[in-house]
Amino acid sequence: MLANKDFLNSTNKLFDKAIQYTDISPGLAKRIKVCNSTYTINFGVKLKDGIHTFTGWRSVHSEHFEPAKGGIRYDIASSQKEVEALAALMTYKCAIIEVPFGGSKGALKINPKNWTEAEIEKITRRFAQELIKRDLINPAQNVPAPDVGTGAKEMSWIADEYRRIFPTDINALACVTGKPPQKGGLVGRSEATGRGVQYIIREFFRHKDDYQPVGLKDGLAGKNIAIQGFGNVGFHAAKFLQEEDDCKIICIMEHNGALLNPKGINVQAAKNFYMQKGTFDGCSEGVFKEDSASFLCMKCDILIPAALENVIDMSNAPDIQAKLIVEAANGPISFEADEILLKKNIAIIPDIMANAGGVAVSYFEWVRNLRHIRFGRLEKRRNAYQFETLIAAIETMTGKQMPEKFKDQLIEGSSEIDLVRSGLDDMIREAYQKVRLAKIENSIPDLRTAAYKIAIDRIAISYDSIGL
Ligand code: NAD
């Protein structure tokens, strides 16, 4: 696996490759590419065995829209370069799905497994204080979300810390997304990135011209999928693809071993086992293998890396056998590996589209926090009344009763989660369609370069409008 500095190099090389398909000036291209600022912080926390010093970062890659948006990662391998690469990806991702955010990212160099929940809370609150006082957490300027090693709990501690510092800010809850639903979060945010992965794969399989050239047949049902990383994103993607699209999850790779079953793993059962034991060893859902990473090269229809960056590099790219790779993780394929895979005629749905579901639903959560009212609240009863009237009119005119099943569905209307999923599906479909069109119209060989082109063009227009 490559070092983190190569992740930033890879991201920059992908940007440079896409620039040839735009007509923006070299000066503006550089302005868009470079990270605006990175704040490094070393802070002390008094824990039961003494004072510990932690290092964290918050990078703002772009402020062409504010707030800047991006997750906070807890990972002992994190570094400044990694955070800067991830912040750049956030900028492009937000541009592709057309949410009005700049790009940001944060990380804390810590192994969360080494600390108790109470300690993690104390560390998180201290980290948040440092970022809040510099407006690096702020509803109008910089809004974090969960990423590797963080989740709803950490986000609710951050929101609480912000509210304590600014008790009269009526929009305080919008300072962070990915909060638990009972603390201002949005139902559907925790599943959103995995859900977005499912939606984009569905969209890919709606376009014969995209799946047939790489040797894939119609329909998702029965497709063999190998997935790496069984955390928030990997688990949800695998679960939805299995339960709702009849895919076969034939391999799940974790950091400490893989689970294999050519007939398909029951994802929820595997998750229950893994949560309890912390390993797949002994799980009756399949065969356990220690050498997890080698299964990235197994024969399958779809490979979904959903763990960390640079897991596919020059060392294993020539051996990859999947027909389609869907980058649920950020940056799982190095620049050089990307070139090799494209020559091997493997389709790749890039990270800046594939995992954009998280920031899409974060956008809904942020908007909901600022509106102070749940989606659908005002119109739900009005819509139900209109449907009742329509059904009564149809029944009167035809003299026939509408089946109860259809009546109930019409009158029940949409819950908030229905609306969230509908909005997410729409954003993901539209993003994919626009990127594939840009690929065709500009004779761009791959989806990633087309996605970067769209993002760069939109950001350039945005800078242009402010006179840069
Ligand atoms: P997570 O911490 O919930 O899960 C990551 C999982 O990967 C963990 O189970 C971990 O044990 C596993 N893992 C780590 N190293 C591994 C290895 N070498 N081999 C196999 N498994 C390994 O994190 P997540 O939120 O699911 O994020 C996963 C990826 O998706 C990251 O690249 C992240 O940046 C990206 N992402 C996450 C979100 C989100 O909403 N959480 C949004 C967009 C992108």
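Which polar backbone atom is 2.9 Å from an oxygen atom of the ligand? In this predicted model, that atom belongs to Asn-232. Taken alone, the ligand exposes 820 Å², and the protein buries 83% of that (accessible areas come from the Shrake-Rupley method with a 1.4 Å probe, and for residues only the protein chains shown count as cover).

A ligand oxygen sits 2.7 Å from an N or O atom in the side chain of Thr-193, and another pairing puts a backbone N or O atom of Gly-149 3.0 Å from a ligand oxygen.

Around the ligand there are 23 residues, with Asp-147, Thr-193, Val-233, Glu-254 and Asn-330 coming nearest (a residue is near if one of its heavy atoms lies within 4 Å). Sorted by class, this shell holds 10 nonpolar, 9 polar and 4 charged residues. Helix H8 (232-245) and strand E8 (248-254) each supply at least two of the shell residues (DSSP runs, of at least four residues for helices and at least two for strands).

Helix H13 (residues 380-398) gives the largest share, 4 residues. Met-397 lies in this helix and counts as exposed because its relative accessibility is 70% (exposed means over 50%).

Residues are numbered from 1 along each chain as its sequence is written, and side-chain values use heavy atoms, leaving out hydrogens and water. As the model is predicted, local features need pLDDT of at least 70 and side-chain atom pairs count only at pLDDT 80 or more, while totals for chains, interfaces and linings use all residues.

Methods:
A polar contact is a pair of N or O atoms within 3.5 Å; within protein, one must be able to donate a hydrogen and the other to accept it, and residues adjacent in sequence count only if both atoms are side-chain atoms. Ala, Val, Leu, Ile, Met, Phe, Trp, Tyr, Cys and Pro count as nonpolar, Asp, Glu, Lys and Arg as charged, and the others, Gly among them, as polar. Buried means under 20% relative accessible area, exposed over 50%, partly exposed in between (1.4 Å probe, protein chains only).
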